[in-house]
Amino acid sequence: MKLLVLIPVVLALFALRFLKPKMLTWLAAWLVASVVILKFGFATPIPDSVFKIYLGIIVGSLLIYVFSDSDRQEEVRRPLVAFLVESKYLIPLAVVALAIPAAVAANIYLDMTRPPVAPQFSRTVHPAPPDSIQVYGEAYDMITLDNPYRKLQESDPAAFAAHLENGRKIYYQNCFYCHGDLMAGEGVFSHGLNPIPTNFQDAGTIAQLQESFLFWRIAKGGPGLPAEGGPWDSAMPAWEEFLTEEEIWDVIAYLYDFTGYQPRAIHEVGGHD
């Protein structure tokens with residue numbers, strides 16, 4: 001986070017508690033503060049698709065707050081109705097009525113007349129992994145890295161089943177919303193994302209990859225994509241900031257168990273059991 005952006009915005013919102021502005025002004029202040037934080041408050045810019053999702057959630061929450069109380073509803077309704085019906089607001093109302101369609105038309109015109117720009121490079125869906133990565137402050141050799149719990153599949157099936165169960169919980173707590181109930185990239189948020197979440201049921205995805213590749217991509221997410229995988233507009237977060245190493249390996253094991261594929265490191269050619 002950019003503290004130089006975050007701190008002034010938080011202080012301004014905190015000051016509203018003492019200034020006690022009208023409800024409509026309070027709503028506008030929170031909306032502007034949310035846009036400023038989402039657009040300029042993150043060191044790594046968030047994708048437009050994620051910005052729209054977060055802003056939609058914030059607007060919905062503010063509306064619920066207003067409409068959950070009749071007094072707050074009246075505070076919002078009264079000035080809006082006055083602006084629409086009272087003659088002293090006729091000129092400002094006419095300006096707003098003309099400005100809205102004019103702004104929409106201007107935006108369309110600018111989009112239509114913007115010169116096309118050829119992409120600088122083709123995007124690689126599965127970029128080549130680096131030789132080594134830094135995760136949790138430690139160096140991992142991508143050539144030798146493997147799931148440390150995979151060997152339990154043969155030596156201690158009960159212990160491996162416990163890791164799969166933990167992976168199942170991690171998946172449905174964190175991954176399900178984008179990758180979906182069937183791991184086919186059809187989660188409830190998938191339609192708002194570009195690129196869409198990976199379809200793990202596709203034989204061209206995890207069946208062709210070693211578990212170390214998934215560990216790298218889950219730990220580093222969209223912000224950790226190399227240049228050939230860009231331009232970065234993936235909504236995938238860097239999960240090393242939220243999950244432990246064991247949780248990442250467990251959810252990787254669960255992905256393979258659910259889809260019926262085997263990781264490339266064990267079987268040279270992935271495929272359904």
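**Close-up 1. Tyr-136 sits in the loop that links strand 1 (132-135) to strand 2 (138-141).** This is a predicted model, as are the views that follow. Look at the backbone here: Tyr-136 isn't a glycine, yet its phi is positive, at about 55°.

Close-up 2. You'll find Met-183 in the loop between helix 7 (157-179) and helix 8 (211-220). Its relative accessibility is 0%. Because buried means under 20%, Met-183 goes down as buried.

**Close-up 3. Helix 1 (residues 3-19) meets helix 2 (residues 23-40), with the two axes coming within 10 Å.** For a pair of packed helices, the angle between the axes and the distance between them give the description. How do helix 1 and helix 2 run relative to each other? Their axes cross at roughly 170°, and angles over 145 degrees count as roughly antiparallel, so helix 1 and helix 2 are roughly antiparallel.

**Close-up 4. Here are the side-by-side residues where helix 1 and helix 2 make contact.** Helix 1 brings Val-5, Leu-6, Val-9, Leu-13 and Leu-16. From helix 2 come Trp-26, Ala-29, Trp-30, Ala-33, Val-36, Ile-37 and Phe-40. Sorted by class, this contact has 12 nonpolar residues, with no polar and no charged ones.

Technical notes. Residues numbered from 1 in each chain as written. Predicted model: local features only at pLDDT ≥ 70, side-chain atom pairs only at ≥ 80, totals over all residues. Heavy atoms only, no water. Helix = DSSP H or I, 4+ residues; strand = E, 2+ residues; numbered from the N terminus. Buried < 20%, exposed > 50% of the residue type's maximum accessible area, 1.4 Å probe, protein only. Axes fitted to C-alpha atoms, helices over the stretch in contact; angles between N-to-C directions. Parallel < 35°, antiparallel > 145°, perpendicular 65-115°, else oblique. Contact = heavy atoms within 4.5 Å. Nonpolar A, V, L, I, M, F, W, Y, C, P; charged D, E, K, R; others polar.
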